Amino acid sequence: MSYTDKIDAMRGELRALNKAMPEATRAFGALTKAAKDQGVLSVKEKEFVALGSALGQRCEPCINFHVEALMKAGGTREELCDVLAMCIQMGGGPALMYAGHALACWDELAASAPA
C-alpha cells in the first residue's frame with residue numbers, strides 16, 4: 001500500500017470516528033487548532049515537533065500525516081532529514097526504522113506533487 005493510500009485510508013477511518021463520537025473529535029480538533037494557531041513558533045516548526053513526537057511514539061499514521069503537513073508548511077527534505085537525525089539520536093534503533101518510513105513517505109509524496 002502506498003503512503004498516499006495509507007493517508008487516505010486513515011482519513012476514512014477518522015471520518016467514521018468523527019461520526020461515532022463527534023463531541024470528542026471536535027474537542028480534539030479544537031485543541032489541535034489552538035496549538036497550531038497560537039504561540040511564537042511557525043506552523044512548519046510546530047510540524048517538526050509533531051513529527052518528532054509521532055516518531056517517538058511510533059505512530060506511522062501520525063508520521064504520515066505530519067510529513068504531509070510539513071510539506072504543505074514549506075519544509076524541505078533536508079530539514080526533514082535533520083529532524084530525523086535528532087529523532088534517531090534520541091530514540092535509537094526503533095526511531096531509525098520509523099525515520100525510514102518518514103523519509104519514504106516524503107519521497108513518495110514529493111514525487112507525486114504537482115511541479
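In the predicted model, residues 24 or more positions apart supply 65% of those contacts in the chain that have a separation of 6 or more. The secondary structure behind this pattern consists of five helices and zero strands, and the order of elements, read from the N terminus, is α-α-α-α-α.

As to overall dimensions, the C-alpha trace of the chain spans about 40 × 35 × 35 Å along its principal axes. The radius of gyration of the chain is 14 Å, which agrees with the value near 13 Å that would apply to a compact globule of 115 residues. Of the 115 residues in the chain, 23% are buried, and the accessible surface comes to about 7200 Å², with carbon and sulfur atoms contributing 63% of that area.

Arg58 is located in the loop that lies between α3, covering residues 43-57, and α4, covering residues 60-72. With a relative accessible area of 46%, Arg58 is classed as partly exposed, because this value falls between the 20% below which a residue counts as buried and the 50% above which a residue counts as exposed.

How values were computed. Residues numbered from 1 in each chain as written. Predicted model: local features only at pLDDT ≥ 70, side-chain atom pairs only at ≥ 80, totals over all residues. Heavy atoms only, no water. Helix = DSSP H or I, 4+ residues; strand = E, 2+ residues; numbered from the N terminus. Rg over C-alpha atoms; globule rule 2.2 N^0.38 Å. Buried < 20%, exposed > 50% of the residue type's maximum accessible area, 1.4 Å probe, protein only. Contact = heavy atoms within 4.5 Å. Areas by Shrake-Rupley, 256 points an atom, 1.4 Å probe, with all protein chains shown as cover.
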